[in-house]
Amino acid sequence: MVFQKPPDGGWGWVIVVVSFITQFLCYGSPLAVGVLYVEWLDAFGEGKGKTAWVGSLANGMGLLASPVCSVCVSSFGARPVAIFSGFIVAGGLMMSSFAPNIYFLYISYGIVVGLGCGLLYTATVTITCQYFDKRRGLALGLISTGSSVGFFIYAALQRELIDLYGLDGCLLIVGALSLNILACGSLMRPLESSDSPPPEKTCVDKGPDQYFVYQGKEKTVEENISILEKGYIDEKCANMPDYKQDSLLNKNVLSSINANEKDTYKKKVVEQTNFCKQLAKRKWQLYLNYWRETVVLFKNKVFTALFVAILLFDIGGFPPSLLMEDVARSANISEDDYPMPLISIIGIMAAVGKLTLGILADFKWINTLYLYVTTLIMTGVALFAIPFAKSYLTLAMLSGILGFLTGNWSIFPYVTTKTVGIEKLTHAYGILMFFAGLGNSLGPPIVGWFYDWTQEYDTAFYFSSLCVLLGGFLLLLAALPCWNACTSQDSKLPPSTYSYKVASS
């Protein structure tokens, strides 16, 4: 099916609005899971590392399952997937209200809600890209702020609902709110197909058509057999003395028809066998090409450093959004002493950071790779300062700084494109997002295990700071002009891969 040209407006703005709302409703609770994390610690009495798996799975599962989500959207379309994901997210949240233990939450909240979020994110991004071309960056930036706004609002909303209705009532109400995703998903009308004729089928694609032609011929042969048999019976009744001669004649005709039928069947078997062989050969060739392209990507030293940096950044940089509330409680800061939850500050500053860093990346005199490295190093310094914060004001300031710096997700596609080229962007971005999800899943449990081991968060955040700083400095080292000059003499990248030029244009 060939879609019409993206309108860059019209119904596309409705798509932007409903995508913003769906990401708001879907990601609000998983991103603000730090409020629920404190309640689950008291409700189940498990260790911090074991309890942190719930929120980390919910935020990492969508990224880990991104290849599966892409296949679902490509096969069924954005609207059906968005509606289906609404049922998954709402069902997972409501099921979590009946959780008897922490292991049940791993499935209901971690895997089910996380998978629904991944499906919804892929559907909203896909339908938005179909409706926008020239304004695609603006449209994607607007819908991506939906998750940050949901982060900000749901942090305060879930705390208020817990005070009024308890933890179970909060999850039921939040799950009911998520059902509005169904209405938003129904408005994601796909683009109509153009009137241009479909492309001519290849030889491989003509196999099924030949099968149907054979079915038609087979039916005709059966009809001919029945007609001949009927004629034979009528002639037998009319002329009994010529029975043996007519019987011999009709047997010869039937045997010739059966021989033709066998030949046609053999042709069909050969055709289907060749079709299956060609299809298997084509699929195997696609897999080989995929792994060859992956090897070529990792020959690019900047891409390899970027892969290590995103993994270490998510291991160390994601835990504050989940654990900051418990950090304040561990510092003996009463909830009555601060007017706004710390994770709400992280959420609103993340939205500001996405817009600000995205605007800065559009300036020609700013190098996006160096800008991204700067955010990594500043994040590592802010994480290192968390153990020294003993008041709400200092924790709020650090939360705002960390939230703003996590907005570097908006410039990450810029960096990936400049590193590998636009032709390899989809392949490279999928690999990087998988490892980003792995970092999201491992970061909070590791920090929680450090607390269970030492009974304080200081060592945990020193470790997080070390991870982020290590990733930032490795990426900086790989991007230095002197390093590129040295490596370019030893090995040259293939023509389809591009090294990142660190000199500002």
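**Exercise 1. Which residues in α15 are buried?**

*Solution.* This is a predicted model, in which local features need pLDDT of at least 70, side-chain atom pairs count only at pLDDT 80 or more, and totals for chains, interfaces and linings use all residues. Residues are numbered from 1 along each chain as its sequence is written, and side-chain values use heavy atoms, with hydrogens and water left out.

Step 1. Apply the cut-offs: buried means under 20% relative accessible area, exposed over 50%, and partly exposed in between (1.4 Å probe, protein chains only).

Step 2. In α15, the buried residues are Tyr392, Leu395, Ala396, Leu398, Ser399, Gly400, Leu402, Gly403 and Leu405.

Step 3. Identify the partners, where contact means heavy atoms within 4.5 Å. The buried residues of α15 pack against α12 (319–330), α13 (342–361) and α14 (368–385).

**Exercise 2. Determine what span helix α15 should have, and compare it with the model.**

*Solution.* Step 1. Helices are DSSP runs (H or I, at least four residues), as are strands (E, at least two), numbered from the N terminus. The expected span is 1.5 Å times one less than the number of residues.

**Exercise 3. Characterise the aromatic pair of Phe384 and Tyr462.**

*Solution.* Step 1. Rings of Phe, Tyr and Trp (its six-membered ring) pair if their centres lie within 6.5 Å; planes under 30 degrees apart count as stacked, over 60 as edge-to-face and the rest as tilted.

Step 1. Phe384 and Tyr462 have their ring centres 5.2 Å apart and their planes at 40°, so the pair is tilted.

Step 2. Locate the partners: Phe384 belongs to helix α14 and Tyr462 to helix α18 (residues 458–479), so the pair links distant parts of the chain, 78 residues apart.

Step 3. Phe384 counts as partly exposed because its relative accessibility is 43%; Tyr462, at 31%, is likewise partly exposed.

**Exercise 4. State which charged residues lie over the rings of Tyr451 and Trp11.**

*Solution.* Step 1. The criterion requires NZ of Lys or CZ of Arg within 6 Å of the ring centre and within 35 degrees of the ring normal.

Step 1. Over Tyr451 sits the charged end of Lys48, 4.5 Å from the ring centre. Over the face of Trp11 lies Arg189, at 4.2 Å from the ring centre.
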